[in-house]
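Let's take a friendly walk through this model together. Please open the sequence and the coordinates side by side, and follow along.

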Amino acid sequence: ERVEQAERKIKLLEDDVLQRDHEIKSLSHKVAQLEDQLEASEKTAKDAVEKQRVIDVKLEHSERQVQRLEQERDKWEQKYEARPTQEAQERFKASQKELDELARSLENL
């Protein structure tokens, strides 16, 4: 009877060891999967950071280009506004003619 009891105990312990081995293999597989997921997530994060850096560089370039174009536009607006219109030139010539006539009439006095 002792032998049978010892054999049953050994069988139970062997079954327990076998069950624990299966658990270890299952957990090892899960760990490997999680490590793969972590690696993929790190790569995705790295790619996202790189894309963000590229976007930031493009944004800076675009902002500088917009600023340059706005300055150029302002320059052209000033140049255009400073340029006398045909009507203004005609009024100036008419005023100049009147002043010249007034000066001559004053000289004749």
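The areas come from the Shrake-Rupley method with a 1.4 Å probe, and for residues only the protein chains shown count as cover. This is a predicted model, in which local features need pLDDT of at least 70 and side-chain atom pairs count only at pLDDT 80 or more, while totals for chains, interfaces and linings use all residues. Residues are numbered from 1 along each chain as its sequence is written, and side-chain values use heavy atoms, leaving out hydrogens and water.

Asp36 sits in helix α1, which covers residues 2–82. Together with Glu35, Glu39 and Glu42, Asp36 forms a surface patch of negative charge. For such patches, residues must have over 30% relative accessible area and no salt bridge; like charges are joined within 9 Å, and nonpolar side chains (Val, Leu, Ile, Met, Phe, Trp, Tyr) within 5 Å. Lys and Arg count as positive and Asp and Glu as negative, with His and the chain ends not counted. Each charge is placed at NZ of Lys, CZ of Arg, CG of Asp or CD of Glu.

Now step back to the whole chain. It has 2 helices and 0 strands, taken as DSSP runs numbered from the N terminus (helices are H or I with at least four residues, strands E with at least two). How far does the C-alpha trace span along its principal axes? The spans are about 155 × 15 × 15 Å. The radius of gyration is 46 Å, whereas a compact globule of 109 residues would have one near 13 Å. That radius is taken over C-alpha atoms, and the globule rule is 2.2 Å times the number of residues to the power 0.38. Buried residues make up 0% of the 109 residues. The accessible surface of the chain is about 11000 Å², and 55% of this belongs to carbon and sulfur atoms.

Charge is the next stop. The chain carries 22 positive and 28 negative side chains, and the centres of these two sets lie 3 Å apart. A search of the whole structure finds 9 salt bridges, each defined as a side-chain nitrogen of Lys or Arg within 4 Å of a carboxyl oxygen of Asp or Glu. One of them joins Asp16 and Arg20, at 3.5 Å from N to O. These two residues are 4 apart in helix α1, so about one helical turn separates them. Asp16 is partly exposed at 31%, and Arg20 is partly exposed at 47%.

Further along, Glu60 pairs with Arg64, with the closest N and O atoms 3.8 Å apart. Glu60 and Arg64 are also 4 residues apart in helix α1, about one helical turn. Arg73 and Glu77 meet in a salt bridge at 3.9 Å, N to O, and a network of salt bridges links Arg73, Asp74 and Glu77. Both ends of the Arg73–Glu77 pair are partly exposed, Arg73 at 43% and Glu77 at 39%.

Finally, look at helix α2, residues 86–108, which holds Leu106. Leu99, Leu102 and Leu106 make a nonpolar surface patch of about 310 Å². Leu106 counts as exposed, because its relative accessibility is 53%.

Conventions:
Buried means under 20% relative accessible area, exposed over 50%, partly exposed in between (1.4 Å probe, protein chains only).
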